[in-house]
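Please look over the model shown below before reading the report.

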Amino acid sequence: MIEFDPTTLQNPRALRSAFGSFMTGVTVVTSHDDAGNPLGFTANSFTSVSLDPPLVLVCLANTSSNYETFAKTSKYAINILSEAQIEVSNTFARPVEDRFATVEWQPGPHGSPILDDVSAWFDCAVHKTVDAGDHLILIGEVKAFNQDIAPGLGYARGAYVTPAAEAKALSKRSDTVVSALIARDGKVLLQDDGGGHLTIPKTDNVSEGANAALANLISESGVTAEPGFIYSVFQDEARKHQHISFLCQADEGEPANGVFTEITESTLMDVADPAICTMLERFAAESHMGNFGVYYGNEVSGEVKPLTAGS
């Protein structure tokens with residue numbers, strides 16, 4: 001029997017999280033203002049509508065600083081970002097004064113800005129605009145398009161997904177540790193590390209590859225969880241290995257090994273591995289905000305690349 005709590009409809013964060021379960025691509029939508037200046041915003045609400053005529057759509061929040069321009073424009077372009085363009089996505093999602101200052105672009109055949117090195121682009125004439133709740137739906141008729149072999153950038157559950165890059169990184173290496181940050185309702189599955197401290201499920205047995213290692217970790221945990229996307233990649237200089245951690249979402253059920261635990265200050269004091277401790281601390285903060293990023297670096301310092309909602 002399907003269970004449904006009507007009160008969840010009153011929780012925008014829960015609804016946004018549910019929407020985020022659907023993996024999408026990442027686009028930058030571009031046009032020009034009345035003065036001829038290029039402008040654009042990051043969006044993952046892109047959908048193909050029709051082949052005959054060729055129609056696509058994208059959604060823009062009513063609160064966007066770009067709303068007035070796009071509500072009356074006669075043309076716009078949709079740029080499908082490649083896996084290498086995370087920073088482009090971030091630039092067009094943030095309140096940057098000149099978003100085009102750090103990207104290469106040129107006018108498309110129908111006039112709207114086309115970004116370099118994208119996976120595909122569609123130069124469109126506005127077919128129809130539709131007011132829908134707190135967003136404006138822009139339906140465009142494709143006047144010109146092109147595609148490249150570069151794999152597209154993905155987005156799901158608040159984080160970027162880069163399947164091609166991840167597949168390359170997850171080669172069978174003897175100096176790799178794989179861990180699973182298995183989460184449910186803001187809590188994380190923690191296990192005894194064998195020395196009286198807490199840790200997340202991890203293994204250095206990657207002889208069959210990282211994907212197989214992750215599947216084994218989930219199986220041994222005793223819970224039903226979806227193999228997730230990369231949450232952290234760092235070079236552990238002290239232990240001389242690469243550590244790859246996946247963020248996985250678990251269903252209901254009691255684990256066979258470990259306990260789902262809220263990440264508090266006292267919990268973190270029981271985690272002996274400083275790198276795992278830092279990862280859990282970041283997860284607690286990002287889980288509260290509803291946005292997740294990917295960490296790159298080493299066990300001491302690095303960079304988290306999140307996605308901020310576009311406008």
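## Overall chain

The model is predicted. Its protein chain contains seven helices and 21 strands. Of the 311 residues in the protein chain, 45% are buried.

The protein chain exposes about 16,300 Å², and carbon and sulfur atoms supply 52% of that area. Among the contacts in the protein chain with a separation of 6 or more, 65% are between residues 24 or more positions apart.

## The seven-stranded sheet

An open sheet is formed by seven strands, ordered β3-β2-β6-β9-β10-β5-β4, with antiparallel pairing. At its edges lie β3 (38-43) and β4 (47-51), each of which pairs on one side only. On average, neighbouring strands of this sheet are turned by 35 degrees against each other, direction ignored.

Val28 has Thr42 in β3 as its bridge partner. Helix α3 (residues 86-93) packs on the sheet and touches β2 and β3. The direction of α3 makes about 110 degrees with that of β3.

Ala225 stands opposite Ala250 in β18.

Together β17 and β18 form a hairpin, with four residues between the two strands. Lys240 lies in the turn and has a positive phi of about 60 degrees.

Methods. Residues numbered from 1 in each chain as written. Predicted model: local features only at pLDDT ≥ 70, side-chain atom pairs only at ≥ 80, totals over all residues. Heavy atoms only, no water. Pairing = 2+ DSSP bridges. Axes fitted to C-alpha atoms, helices over the stretch in contact; angles between N-to-C directions. Contact = heavy atoms within 4.5 Å. Buried < 20%, exposed > 50% of the residue type's maximum accessible area, 1.4 Å probe, protein only. Areas by Shrake-Rupley, 256 points an atom, 1.4 Å probe, with all protein chains shown as cover.
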